[in-house]
Amino acid sequence: MKSIVDFRVKEVSPCGDRAVLLRLSAPGAMPECVPGQFVQVRVDGSRDTFLRRPISIHWADTAAGELWLLVQLVGEGTRRLGQLRAGDSLNLVMPLGNGFSGLDALRAAAAAAGVSEPKPLLVGGGVGVAPLYYYGAWLKARGVEPTFLLGARSKGLLLQLEAFEAVGRVFVTTEDGSLGERGFVTQHSVLQRERFTGIHVCGPAPMMKAVASYAGAEGIACEVSLENMMACGLGACLCCVEKTVRGNVCVCKEGPVFNINELTWN
Amino acid sequence: MADLTTSIGALGLRNPVMTASGTFGYGIEYQDFIRLEDLGGIIVKGTTLRPREGNDYPRMAETPSGMLNCVGLQNKGVDYFCSEIYPKIRDIGTHMIVNVSGSSPEDYAECAARIDALERIPAIELNISCPNVRDGGMAFGVTCEGAASVVRAVRKAYRKTLIVKLSPNVTDIVAIARAVEDEGADAVSLINTLMGTAIDIERRCRKLSIGTGGLSGPCVKPVALRMVWQVAHAVGIPVVGLGGISSATDAIEFLMAGASAVEIGTANFLDPAVSVKVVRGIDAWLDAHGCASVRDIIGVAE
């Protein structure tokens with residue numbers, strides 16, 4: 001069930017060159033959520049940060065009432081979020097949208113690929129890595145080993161590498177070659193060496209389109225998490241639509257995770 | 001606990017707070033947050049005779065204390081509404097009012113006639129003021145004859161409470177209000193969004209897919225309030241006030257300006273529970289000021 005919850009900020013820590021990790025704790029019971037879902041954060045409702053900001057869940061422990069958000073400082077709203085301090089209150093509407101594929105879908109994709117165990121590849125670009133940490137940890141806790149392929153323009157924009165390494169194998173690309181292989185995620189050599197049963201992507205649109213194109217050509221099941229601009233986050237305002245084979249649908253309600261076969265990218 | 005009941009013509013409301021079309025889905029989207037039956041009414045998403053895909057993305061731009069949208073009446077058409085949505089909302093315990101839009105007087109009338117047949121829909125809000133579609137909507141709402149022609153056609157086809165939603169994008173909104181009153185509208189609601197635009201200075205282009213959109217949010221409130229006051233003092237039919245309402249204080253201002261009821265729109269995006277907070281806030285204000293009924297404050301502002 002969706003709720004409006006006032007979280008308390010436990011810690012704000014810098015992350016890479018221009019992002020922060022917000023660790024939040026729920027005052028009471030925290031709503032159940034799954035990897036791939038997002039929250040709508042009330043910044044302060046002031047003149048320039050009027051609407052809520054949709055931010056994907058970086059990690060959550062419902063029982064412990066703990067929620068992490070990874071926030072890239074790109075505009076006035078996220079800049080204000082970066083200025084939060086321990087003890088501050090943060091108003092969230094959550095959980096919103098639908099998550100990444102569950103175990104049944106992963107096993108079905110593995111079976112379709114002719115192997116017994118799922119071997120998912122989680123591909124992230126920039127701050128788009130945020131929901132993949134939650135998803136990877138969730139998979140690992142259920143006996144599925146995730147592999148991460150993370151890309152950014154340069155080393156300083158690669159976020160949470162150590163956290164990802166604690167959860168699964170991590171492969172890295174940077175456009176300037178400052179860490180990992182030089183180039184885009186779609187050029188990483190691991191894609192030549194290994195065969196994955198499913199690809200789960202979150203990042204900038206050009207990157208997601210390139211990965212979706214690769215997955216389509218290779219016949220690998222692929223889902224992407226979109227971040228269209230939205231106002232309500234509830235499927236009411238119809239602002240965040242994406243064209244699909246079913247017509248325009250709300251990313252906030254029907255997504256944010258979509259199987260690439262539903263989209264009209266190709 | 002003051003008496004919060006009010007009415008729009010023959011339609012009695014539990015309280016004066018409704019939610020505005022296009023900001024509240026079909027109500028269902030908000031039922032995790034509030035008890036829908038605590039509202040005076042819910043005005044559901046704009047419905048047209050035939051399905052509409054709406055405009056391309058991007059459809060939204062944040063602006064100072066507000067937002068622009070150019071959704072463009074995306075909906076699955078009145079037949080889908082009647083067969084698929086109506087059964088899911090018919091038993092919600094408040095007035096479910098359908099916002100109706102169209103491209104010709106005949107379209108509007110046909111759509112209204114289909115909804116007239118739905119037992120649990122007691123009223124429609126006729127949208128002659130959508131700024132985001134080329135082939136209708138606001139085209140009718142910006143002239144007295146255009147507005148009158150739609151209301152005339154719909155009035156013949158629709159027997160229940162007919163509310164006409166007016167555009168602020170006109171020189172004289174009072175003249176339009178009088179024109180629709182003359183054609184038999186039971187009430188007017190105002191204002192729809194104000195036409196505006198926003199520019200991305202890095203990309204040097206307009207932010208919205210069709211260039212322009214409708215402005216809503218607290219930034220439009222003074223304009224809306226002025227128009228409500230003017231219209232309420234010029235027509236004999238009830239006025240429903242909307243435009244930037246996000247608190248009980250805002251709502252009371254509209255009631256004092258002459259609105260018999262109000263609608264809450266964009267504020268639902270910021271706080272999905274704001275509508276019932278406004279109901280409680282009006283009640284508390286009336287109690288604190290010794291008012292027995294909300295009707296005691298309607299139109300008191302001179």
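Reader: Which way does helix 5 of chain B pass helix 6 of chain B, in a right-handed or a left-handed crossing?

Author: Helix 5 of chain B passes helix 6 of chain B in a right-handed crossing. Helices here are DSSP runs of H or I with at least four residues, strands are runs of E with at least two, and both are numbered from the N terminus.

A quick note on the model: it is predicted, so local features need pLDDT of at least 70 and side-chain atom pairs count only at pLDDT 80 or more, whereas totals for chains, interfaces and linings use all residues. Residues are numbered from 1 along each chain as its sequence is written, chains are lettered from A and ligands numbered from 1 in the order written, and side-chain values use heavy atoms, leaving out hydrogens and water.

Reader: Why are helix 5 and helix 6 of chain B called oblique to each other?

Author: The axes of helix 5 (residues 173-182) and helix 6 (residues 221-232) of chain B come within 9 Å and cross at roughly 45 degrees. Axes are lines fitted to C-alpha atoms, for helices over the stretch in contact, with angles from 0 to 180 degrees between N-to-C directions. Under 35 degrees is roughly parallel, over 145 roughly antiparallel, 65 to 115 roughly perpendicular and the rest oblique. Helix 5 and helix 6 of chain B are therefore oblique. B:Ile173, B:Val174 and B:Ala177 of helix 5 meet B:Met227, B:Gln230 and B:Val231 of helix 6, where contact means heavy atoms within 4.5 Å.

Reader: What makes helix 7 of chain B roughly perpendicular to helix 9 of chain B?

Author: Helix 7 (residues 248-257) and helix 9 (residues 274-288) of chain B pack at about 65 degrees, with axes 8 Å apart. That angle makes helix 7 of chain B roughly perpendicular to helix 9 of chain B. The residues of this contact divide into 8 nonpolar, 1 polar and no charged. Nonpolar covers Ala, Val, Leu, Ile, Met, Phe, Trp, Tyr, Cys and Pro, charged covers Asp, Glu, Lys and Arg, and the others, Gly among them, are polar.

Reader: How do you know that B:Cys70 is too far from the closest cysteine sulfur for a bond?

Author: A disulfide is a pair of cysteine sulfur atoms within 2.5 Å. The sulfur of B:Cys70 is 8.0 Å from its closest partner, in A:Cys239, so a bond is ruled out. For B:Cys219 the closest cysteine sulfur is also in A:Cys239, and 14 Å is too far as well. The structure holds 0 disulfides over all chains.

Reader: Why does B:Cys219 count as partly exposed?

Author: Buried means under 20% relative accessible area, exposed over 50%, and partly exposed in between (1.4 Å probe, protein chains only). At 31%, B:Cys219 is partly exposed, whereas B:Cys70, at 0%, is buried.

Reader: What makes A:Thr62 buried?

Author: Its relative accessible area of 18% makes A:Thr62 buried. A:Thr62 sits in the loop between strand 4 (53-61) and strand 5 (66-72) of chain A. Beyond its neighbours within four places in sequence, A:Thr62 contacts A:Met30, A:Pro31, A:Glu32 and A:Cys33.

Reader: And why does A:Ala29 count as exposed?

Author: A:Ala29 has 78% relative accessibility, so it is exposed. A:Ala29 lies in the loop between strand 2 (19-25) and strand 3 (38-41) of chain A. A:Ala29 and A:Thr62 are 33 residues apart in sequence and 7.9 Å apart in space, C-alpha to C-alpha.

Methods:
A crossing is left-handed if the near helix is turned anticlockwise from the far one by less than a right angle, and right-handed if clockwise.
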